[in-house]
Amino acid sequence: MARYELVKRSVALITLTNPPVNALSSPVRHAIANSMERALSDPKVRAVVICGENGRFCGGADIREFAGPLRGPPLIPVLEAIEAGDKPVVAAIEGMALGGGFELALFCHYRIAQSKARLGLPEVTLGILPAAGGTQRLPRLIGIPAALEMITTGRHISAQEALKLGIVDQVTDQNACETALEFALKAVGKPLSPRRVSTLTTPCPPDLDALLEAATMQVKKKTPGVMAPLACIQAVRAAATMPYSKGMKQESELMATLFNSGQARALQYCFFAQRTAGKWTLPSGAQWNNSKPREIRSAAVIGLGTMGRGIVVSLARVGISVIAVESEKKLLENGRQMVIGMLERDAKRRGVSASLNLLKFTLSLQDLKDVDLVIEAVFEDMALKKRVFQELSKVCRPGTLLCTNTSGLDVDALAGVTDRPHLVAGMHFFSPAHVMKLLEVVCGPRSSSETIATAMSLGKKMGKVSVAVGNCPGFVGNRMLKPYLDQATFLLEEGATPEQIDKALEDFGFAMGVFRMSDLAGLDVGWRVRKESGLTGPDVDPKNPPRKRQGRRYCPIPDMVCEQGRFGQKTGRGWYKYDKPGDTNAKPDPLIQNLLETYRSRYGIQPRNISDQEIIERCLFVLANEGFRILEDGMAARPEDIDVIYLFGYAFPRHRGGPMFYASMVGLERVLERLEHYHQAHPDVPHLEPITMAYTGAQKALKSDKLDEAQALAKSCAGRP
Ligand code: NAI
């Protein structure tokens, strides 16, 4: 777990050997303690270098230990022995020094980093804080503002930035270990006291209170209701105002509070859920580890509208050559300019050159003969899409994969018009496609495992979080969205206002409530879909009761809002009013209030006071309820996949873990009981009806040992085995 060697006749080289990231497992902690003892007691040894095997210094905790109780020596005393020793200890950082690994480096007297290494304290993203001295040592080393930023965001930094900040003493393009050995020999005999970070005084700015207050406001705005970054700020305050030992005590107390919080459980669950999502599985038994993806070198995107442009950018920036197709010359030229602008801005931001040479623009599908994969992103119109797929089937070579970006149409119906249904799948990107991380890979009943493996792997290459889902209307994300939106508008009918509903959801943790979000996305899109599906507009039978469709409750208020030309931010009016079209500052609109009052009196609805609790329960439990149906229908493989979709595609607050995890935290029995209650009150809303069996199954799945693993991760990150 750690190799000990005497090199250059006087340097003890301790190499952590715990692949893949040399995590600080119990045997590694043991081995570090023993090796340090040996080095310090051997008179031949004049200096020590600690490095990691296979070009990786240390990635922090060992996830294999998560399932059981952690054993072995606690991390902090092991690290304290390094700092207290009377021989210089140099950390040779290659690859990564993250979490506990970064803290290990901070206990060494010197740090040398290879130029490609990444360093950071990501604990906050798991709902905890760096509790092996990270919050007390980093401020002493680099000052409050820089330490605060790193600790409260969990951001990884480059070796160059670490040098600039004063975290590392030298950056090398060569082997860090070789450089560290030379460095260690030169350090022999130099006084060690100034190198012991625990003895340093934190450089304290005169406006400390104002600085911490500003940081507090910033995290409250960015991550409302999330505890860990606030606790990090408190710990950093301790580093500035208390002696080291007291600060360490404070760090450990704050950690104890976070460690047992529901938020830490939720955030750690998200971490595992995201990893699990890549491990897709199909009802046929095909799965991620028995299906080989094809390599995609060239692709085509059809339709350069809102989605197509972003998809072209996502492909080109990872080195895939793209042929972009439009239907008219003017639209093609417009699309070309937009794509080039987006790619150039993206490249500038990343400090690379834009890969414009990978792009080709055309009006003819004939040019797609030789591409490896096509992504269709034309209007959401089944007849049009079928025509495009028929044409592609004729033009493209037999092995070309044909994918659609439809947001909810039947992927198998499109497969059915081609000569290769096994090579057809959905690749459902989210808007804007070059920014949003989520990709739903839709598996039709005839999609081959190779097709799914290829779409999943292409998504990963594009930096997306890809989740495999089944082929049903709306797939997973949009299928669940419908009942959520319905509840919000039903609550309006019953007496709530858009502001009240949005506030309840924002207090819960959403960055934007449902109505503000709808104004941002544009209300006309949903209106068009409702008109096309005969829910509103001239196709509705006039004898149909206005608030019922197919025997179910229907709320026509969103249609009435659209009929007034109120399409959201882009028209300056929607559920809210804006100073001008395109403005983002939503203000309550008395006209909407009037509309609601008139509507209620027309239908004899007596408005009632609706509590925030009812808003949350009805909007969110119905989301989870549809999730349970999706699981039962086999349209998602596990609750984690649903949660990942909501976290990355619908901005569900991460510290709540996703709709399924949230339901499990509330308690599925309670969710079931509340849904039964609401369904009794609204029997014409089938989405409120819980399927008791589904709950029992989901309860089992949500009780998976992943939560225990997550708890152990927190323990391990905290250096408190
Ligand atoms: P859009 O209306 O912005 O763009 C569609 C583009 O396709 C237009 O530029 C149009 O000229 C072009 N087009 C139409 N027929 C064509 C043909 N035969 N050949 C070449 N180009 C053709 O639509 P948007 O929003 O980009 O949507 C495209 C698809 O993506 C739809 O299926 C939609 O449901 C789906 N989608 C949309 C999302 C959104 O937020 N807008 C999110 C996820 C999926």
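**Exercise 1. How many positive and negative side chains does the protein chain have, and how far apart do the centres of the two sets lie?**

Solution. The structure is a predicted model.
- Step 1: the protein chain carries 90 positive side chains and 76 negative ones.
- Step 2: the centres of these two sets are 4 Å apart.

**Exercise 2. Describe the overall build of the protein chain.**

Solution. 
- Step 1, secondary structure: there are 28 helices and 19 strands in the protein chain.
- Step 3, extent: along the principal axes, the C-alpha atoms fill a box of roughly 95 × 60 × 50 Å.
- Step 4, burial and surface: 57% of the 721 residues are buried. The accessible surface is about 30,300 Å², and carbon and sulfur atoms account for 53% of that.
- Step 5, contacts: of the contacts between residues at least 6 apart in sequence, 73% join residues at least 24 apart.

**Exercise 3. Find the buried side of helix H2 (residues 75-84) and its packing partners.**

Solution. 
- Step 1: the buried residues of H2 are Leu75, Ile76, Val78, Leu79, Ile82 and Glu83.
- Step 2: these residues span an arc of only 160° around the axis, so they lie on the same side of H2.
- Step 3: an α-helix has 3.6 residues a turn, so residues three or four places apart point the same way.
- Step 4: the buried residues of H2 pack against helices H1 (26-41), H3 (100-107), H4 (134-142) and H10 (244-259), and against strands E3 (47-52) and E4 (89-93).

**Exercise 4. Repeat the analysis for helix H20 (residues 523-532).**

Solution. 
- Step 1: Leu523, Asp524, Trp527 and Arg530 are buried in H20.
- Step 2: their arc around the axis is only 120°, which places them on the same side of H20.
- Step 3: the packing partners of these buried residues are helix H19 (514-521) and helix H21 (557-563).
- Step 4: just after H20, Gly534 has a positive phi of about 75°.

**Exercise 5. Is Gln569 buried or exposed, and which residues does Gln569 touch?**

Solution. 
- Step 1: Gln569 sits in the loop between H21 and helix H22 (590-602).
- Step 2: the cut-off for buried is under 20% relative accessible area. Gln569 has 9% relative accessibility and therefore counts as buried.
- Step 3: leaving out residues up to four places away in sequence, Gln569 touches Asp519, Leu520, Tyr578, Lys580, Pro581, Gly582, Asp583 and Thr584.

Note on methods
Residues are numbered from 1 along each chain as its sequence is written. This is a predicted model: local features need pLDDT of at least 70, side-chain atom pairs count only at pLDDT 80 or more; totals for chains, interfaces and linings use all residues. Side-chain values use heavy atoms; hydrogens and water are left out. Helices (H or I, at least four residues) and strands (E, at least two) are DSSP runs, numbered from the N terminus. Buried means under 20% relative accessible area, exposed over 50%, partly exposed in between (1.4 Å probe, protein chains only). Contact means heavy atoms within 4.5 Å. Accessible areas come from the Shrake-Rupley method with a 1.4 Å probe; for residues, only the protein chains shown count as cover. Lys and Arg count as positive and Asp and Glu as negative; His and the chain ends are not counted. The place of a charge is taken as NZ of Lys, CZ of Arg, CG of Asp or CD of Glu. The arc is that of the directions from the helix axis to the C-beta atoms.
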